[in-house]
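This briefing is for a reader who is new to the structure shown below.

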Amino acid sequence: MTLFGIPVLIGFQELRPNLELCKELGLDFVELNVNLPYSFPENISSREVRSAMKEGMRFSMHLHDELDLGSLQPSVRQGHMGRCEEALRWGSRHGVFLINLHLNPGVYFTLPDRKIWVYERYLDEYIDSLNGSLSRLSSLADSLGIKICLENTGHFTLPFMRKAAESVIDLPSVGLCWDIGHDGRSGLKEEDFMLSHLDRVWHMHFHDWDGRSDHQVPYTGRLECDRYLRLADENAMSVLVEVKTEESVRAAVKVMRDRGSIPASRL
């Protein structure tokens, strides 16, 4: 059974209205976002979350966008690793079934005729660092029953980033998150990568792309939304309805439910 969820919204100032919205809409999970202070594990009320868990709600967690698990600076890498380990341990006690994060491409030097990415120049060292970090996190996640997904953000169009991702996605508990809106924004240049590793795609960020911006309400833009939902269903992915305001969340869930994509209330 496909799980459907909503993201925490920047328009809210605390977690509770997100939980109430998810429950009202009859969905399965809320994706916490550690870019927002009210989603920091240390700022969340355990009582509130466990009350939601008793009602059948689950959680995914999107880690901070600037994490860099492949950093060539050991102290930086260790700090980011520590935050990830905190999130996994907290998540195991609070109904988190999946952790989502970006792969950081690092910085580039701009030459007169081209860009040179530092991690591309030092690719072996970058992959070694990334493997070391994710091997450790994979072992912890596997013991806790949590999946780790690496999200496409447009950077998988870079060959060295694809190589880095392919070096780690066969680790236990490490797979992929397919953000179809990001893919649309990149001109669908990441789709072949996702399709070639479909058995490791466990999570989908589902929203439309209208030619100018992603995070649009499904079926209002250019993407083949029914096709992506079919792939999600056939491959048992969890699906985050990733639009960014309360109004758009309500509109997205309504159109998906009207089309039969989301079953009747689940909570």
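## Cysteines

Cys 84 is buried, with a relative accessible area of 3%. The model is a predicted one, and a search of the whole structure finds zero disulfides in it. The structure does hold 15 salt bridges. The points below take the cysteines, then several of the salt bridges.

**Cysteines without a disulfide**

- The closest cysteine sulfur to that of Cys 84 belongs to Cys 149 and lies 14 Å away, so the two are too far apart for a bond.
- Cys 149 is likewise in no disulfide, and the nearest cysteine sulfur to its own, that of Cys 177, is 6.3 Å away. That distance can be set against the cut-off, because a disulfide requires two cysteine sulfur atoms within 2.5 Å.
- Cys 149 has a relative accessibility of 0% and counts as buried.

- Arg 162 and Asp 192 form a salt bridge, in which the closest N and O atoms are 3.1 Å apart.
- This pair links distant parts of the chain, the two residues being 30 residues apart. Arg 162 belongs to helix H6 (residues 159–166), while Asp 192 belongs to helix H8 (residues 191–196).
- Arg 162 is buried, at a relative accessible area of 19%, whereas Asp 192 is partly exposed, at 46%. The value for Arg 162 counts as buried because the cut-off is under 20% relative accessible area.

**A salt bridge within one helix**

- Lys 254 and Asp 258 meet through their side chains in a salt bridge, with an N to O distance of 2.8 Å.
- Both residues lie in helix H10 (residues 246–258); they are four residues apart, which means that about one helical turn separates them.
- Lys 254 is exposed, and Asp 258 is exposed too.

**Other salt bridges**

- Glu 242 forms a salt bridge with Lys 244, and their closest N and O atoms are 3.2 Å apart.
- Within this pair, Glu 242 is buried, with a relative accessible area of 6%, and Lys 244 is partly exposed, with 36%.
- A network of salt bridges links three residues: Glu 24, Glu 246 and Arg 250.

Methods:
Residues numbered from 1 in each chain as written. Predicted model: local features only at pLDDT ≥ 70, side-chain atom pairs only at ≥ 80, totals over all residues. Heavy atoms only, no water. Salt bridge = Lys/Arg side-chain N within 4 Å of Asp/Glu carboxyl O. Buried < 20%, exposed > 50% of the residue type's maximum accessible area, 1.4 Å probe, protein only.
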